[in-house]
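Q: Could you take me through this structure one feature at a time? I would like the general idea before each case.

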Amino acid sequence: MGNKFVMVGGGSTQSPGILEVLRQRAEELSLTELVLYDVDQERVDLLGEYTKMYYAELGSKVKVSFTTNIDEAFTDADFLFMQIRPGLNKQRAIDEKICLRNGVIGQETCGLGGFSFAMRVIPAVIEIIEKVKEICPKAWILNYTNPEAILSEAIYRVFPDAKVLCICDMPISIEGAIAKYFNKNLRDVTFKYFGLNHFGWWTNIYDENGQDLLPVLRKDVLSGKIDTLLQSNEETKEDQYWIDTYRQMVSLFKRFPEYFPNCYLQYYLTPDEMLVHDDPTFTRGDYVMQGREKRIYDECRRVIAAGTAKNSTLHAGVHGNYIVDIAHAIIHNTRERFTVNKKNHGAISNFDPEAVIEVPAYIGSMGAETINVGEIPTFQKGLMEMQKAYEKLTVDAALTGSYQTALEAVMLNKTVPNYTIGKKVLDELYEANQNYWKPLA
C-alpha cells in the first residue's frame, strides 16, 4: 500500500522546496497521494494547481489534490507536514514593527515577535492535532511551524501521546556550513548538540576518524582566520540577512568559545548589535512578502495562465530534504540520527525532566529516541532555565487567556530590558492581534 502525505499549510511559500523533494523521492517513500491543505483558498489554489501540473508534466504517478476541507484532506493520511502561519507574513511584519519601534528585538521566533506568533499559532495547532486524533490517529505529524520551541512545549503538554515530531532545519543548516568549511561530507560528521530550539550549542564535531574538529574551529575563529562560515543552503547564501547572521554567529563563538552557538542566540546575547541592522519601517516580514512570496505566487499565476509548467522549476534545499529524510527514517525504520525537540526525560541530567529540549535522537518507526547529553555547564543551564520558564508561561498564557501570565512571560524573555517596555509592547501586540490571540483578562 502507498502512503498519503498532507501538506498542512500547503499554500505556504515554504512548501515548494518540500514538494520538489517529495516528487523526487516518491518511490522510496511509497508516496501515492499528496494533498495540499490550507485555510487560505487563494493560496492553496495557486500552489495546488501549479503542483498538480508540475508533477503531471514531469511524469509523476502521485495523485495530487488541494483543498480547504480539513476532513477531506486528513482522511486516511499517513504523514502530515505542518507549517502554518496564522496572520501570514503581514501580521509578522506588524509585530516586528511594534517591537522595533520600542527598541526591542522583533524577530518572529525570538523576543516578543516570537511571543506574539506563539499566541496566534498555539490555538490553531491544537485544533489541527485534535482533528488528526479524530480522523487519522495513526498518522505521523512532522511539525515545522514556528516558534518551534514554544509550540513544541504546548503540543507535548496537551497531547503527550500524539505521534508528533517537532523539528527545525536550522541546526542541520549550520552543521552543513561547518562540514563544508572542513571539506567534509555532512553524513561523515557527527555533531553533539544540546539546548532548546533556536537556543542551543554544539559541544563536539567528530569527523569520520573520531577526531573532534571543534577545537580546530575554535582556533581558526580566535586567531582571526575566519569571521564567517559559508552557508550550505543555496536558497539563502545570497541573502544579506543570512550572510550577516552567519557572521554574527561566528563573532558570538569568539566571545563565548567553549561551545559553538546556534545563530539565534545572537538575539539574546547581543540584542543591541542585532537592532543596528533592523529597519523599523521595512522588516524581515516585509522582505519576505516582497521577495519570496511575490516571486512564488507570480510564478504560479504565470504557469496556470500558460497551461503548462514545463518551463518552470522547483528548488529542493535543506528545508525540504530534512523533513523528508525524517519521514523516510520513520517509514524504513533506519534509526538515523537527527536533531529534534522532545521532552527531556533525563537526556540532560541536570535540567527539568519534563521540559522540551532540542537534542540529537535516533529516528525509526517508533519515533525519536533521544541521545544522552549528561550534565551541562552553569552558564548554558542558567540561560536555558530562564528561557524555558518564559516558554512555559507563554504556553500557559495562550491556553488560559491570563493577562498576568502573559506579562510574566514577557518579563522572563531576555530581550526585554524592563517592565515599562515589556508591558507597553505586550499591550500594543495584544491590540494589533485582536483577531488571533485568545482574549486576555
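A: Start with a term for accessibility: a residue is buried when its relative accessible area is under 20%, exposed when over 50%, and partly exposed in between. Asp40, with a relative accessible area of 21%, is therefore partly exposed. Keep in mind that the model is predicted.

Q: With which residue does the side chain of Asp40 meet in a salt bridge?

A: Side chains of opposite charge can pair when their charged atoms come close. Here the partner of Asp40 is Arg43, with 3.9 Å from N to O. Arg43 has a relative accessible area of 17%, so the residue is buried.

Q: How many salt bridges does a search of the whole structure find?

A: The search finds 30 salt bridges. Another one is formed by Glu108 and Arg85, whose closest N and O atoms are 2.6 Å apart. This pair links distant parts of the chain, since the two residues are 23 residues apart. Glu108 sits in the loop between helix H4 (88-101) and helix H5 (111-135), while Arg85 belongs to the loop between strand E4 (79-82) and H4.

Q: Are Glu108 and Arg85 buried or exposed, or something in between?

A: Glu108 counts as buried, at 10% relative accessibility. Arg85 is partly exposed, with a relative accessible area of 24%.

Q: What does a salt bridge within one helix look like, as with Asp427 and Lys423?

A: The closest N and O atoms of Asp427 and Lys423 are 2.9 Å apart. Both residues lie in helix H16 (residues 419-432), and because they are four residues apart, about one helical turn separates them. Asp427 is partly exposed at 28% relative accessibility, and Lys423 is partly exposed too, at 27%. Salt bridges can also share partners: Glu42, Lys294, Asp298 and Arg301 are joined in this way into one network.

Q: How do I read the packing of two helices, such as H4 and H16?

A: Two packed helices are described by the angle between their axes and the distance between the axes. For H4 and H16 the angle is about 155° and the axes are 10 Å apart. An angle over 145 degrees counts as roughly antiparallel, so H4 is roughly antiparallel to H16. The crossing of H4 past H16 is right-handed.

Q: Which residues make the contact between H4 and H16?

A: From H4 come Gln91, Ile94, Asp95, Ile98, Cys99 and Arg101, and from H16 come Val425, Glu428, Leu429 and Ala432. Sorted by class, the contact has six nonpolar, one polar and three charged residues.

Q: What should I look for in the backbone itself?

A: Most residues other than glycine have a negative phi, and most peptide bonds are trans. One case to look at is the peptide bond from Asn146 to Pro147, which is cis, with omega near -10°. Pro147 is in the loop between strand E5 (140-143) and helix H6 (148-158).

Q: Where are Asp76 and Asn333, which have a positive phi?

A: Asp76, with a phi of about 65°, is in the loop between helix H3 (70-74) and E4. Asp76 is exposed, its relative accessible area being 62%. Asn333 has a phi near 50° and is found in the loop between helix H13 (318-332) and strand E10 (336-343). With a relative accessible area of 37%, Asn333 is partly exposed.

Technical notes:
Residues numbered from 1 in each chain as written. Predicted model: local features only at pLDDT ≥ 70, side-chain atom pairs only at ≥ 80, totals over all residues. Heavy atoms only, no water. Salt bridge = Lys/Arg side-chain N within 4 Å of Asp/Glu carboxyl O. Buried < 20%, exposed > 50% of the residue type's maximum accessible area, 1.4 Å probe, protein only. Axes fitted to C-alpha atoms, helices over the stretch in contact; angles between N-to-C directions. Parallel < 35°, antiparallel > 145°, perpendicular 65-115°, else oblique. Left-handed = near helix turned anticlockwise from the far one by under 90°. Contact = heavy atoms within 4.5 Å. Nonpolar A, V, L, I, M, F, W, Y, C, P; charged D, E, K, R; others polar.
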